[in-house]
Amino acid sequence: MVLGNDASSSSSNMVDTNKNLSVLVVDDDPLLRMFHDSYFKHFGLKTQVAQNGKKAVDLFHLGASFDLILMERDMSVMDGVEATKVLRAMGVKSMIVGLTAPVSRRERRDFMAAGLNYCFEKPLSINMASFLLKELNKNNIGGNNN
C-alpha cells in the first residue's frame, strides 16, 4: 500500500502496468476463489476462475491462455499437483503458483516438483501478490504463455 499524495497515481500506474496480464484462479473453495479473483481484478488483471484442476486443463485444451495460474493443491476431481503436471506436459509456460493450506515440507516439495514456479500458503497476502506481479512484469510476460 502506498500512502501520501501520490497514492492514487501509484495505484493507477500499477493497474495500467498490469492491464494486459491475465490470471486463472483454480480453487474448489468458492470464498477463496472469489477473494483471489477480486484481489487480482483490483490490480488491473483480467481474471477467470475454475473450480478444479480438470476445468483448468479443459480451458487450455479449448485454447485459453493466462500469464499467471493460481493453483490450489487439494481439490476434488483433479488436484493441483496432477493439473500442474498435465499443464506442463501440454507445454504451458505460464507462471504457475501453488496455493496450499499448511502442509509438510515433503508435500510442498512434491507440489513444486509438479512444475510450480512458486508455492505459498493461502490466502495470498498483498506482499505475495505484489511480488508475483513484479515477477510477471519483470519477465515481460503479457502475451499469455500457453
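This is a predicted model: local features need pLDDT of at least 70, side-chain atom pairs count only at pLDDT 80 or more; totals for chains, interfaces and linings use all residues.
User: What is the mean pLDDT of the chain, and what share of its residues reach 70 or more?

Analyst: Residues 1–16 remain under 50 in pLDDT. For the chain, the mean pLDDT is 84. The share of residues that reach 70 or more is 82%.

User: How many helices and strands are there in the chain, and which pattern do they follow along the sequence?

Analyst: The chain has 6 helices and 5 strands. Read along the sequence, they give the pattern α-β-α-β-α-β-α-β-α-β-α.

User: Is the crossing of α3 and α4 left-handed or right-handed?

Analyst: The two helices pack with their axes 9 Å apart. The crossing in which α3 passes α4 is right-handed.

User: Which residues meet in the contact of α3 with α4, and how do they divide into nonpolar, polar and charged?

Analyst: From α3, the residues are Gly 53, Val 57 and Phe 60, which meet Ala 83, Val 86 and Leu 87 of α4. By class, the residues of this contact divide into 5 nonpolar, 1 polar and no charged.

User: Where is Pro 123, and is the peptide bond from Lys 122 to Pro 123 cis or trans?

Analyst: Pro 123 lies in the loop between β5 (118–121) and α6 (126–138). Most peptide bonds are trans. The bond from Lys 122 to Pro 123 has omega near -5 degrees, and is cis.

User: Where is Val 77, and is this residue buried or exposed?

Analyst: Val 77 is placed in the loop between β3 (68–72) and α4. Its phi is near 70 degrees, a positive value in a residue other than glycine, whereas most residues other than glycine have a negative phi. Exposed means over 50% relative accessible area; because the value for Val 77 is 64%, this residue is exposed.

User: What share of the residues of the chain count as buried?

Analyst: The chain has 146 residues. A residue counts as buried under 20% relative accessible area. The share that count as buried is 42%.

Terms used. Residues are numbered from 1 along each chain as its sequence is written. Side-chain values use heavy atoms; hydrogens and water are left out. pLDDT is the predictor's confidence in each residue, from 0 to 100. Contact means heavy atoms within 4.5 Å. Axes are lines fitted to C-alpha atoms, for helices over the stretch in contact, and angles run from 0 to 180 degrees between N-to-C directions. Helices (H or I, at least four residues) and strands (E, at least two) are DSSP runs, numbered from the N terminus. A crossing is left-handed if the near helix is turned anticlockwise from the far one by less than a right angle, and right-handed if clockwise. Ala, Val, Leu, Ile, Met, Phe, Trp, Tyr, Cys and Pro count as nonpolar, Asp, Glu, Lys and Arg as charged, and the others, Gly among them, as polar. Buried means under 20% relative accessible area, exposed over 50%, partly exposed in between (1.4 Å probe, protein chains only).
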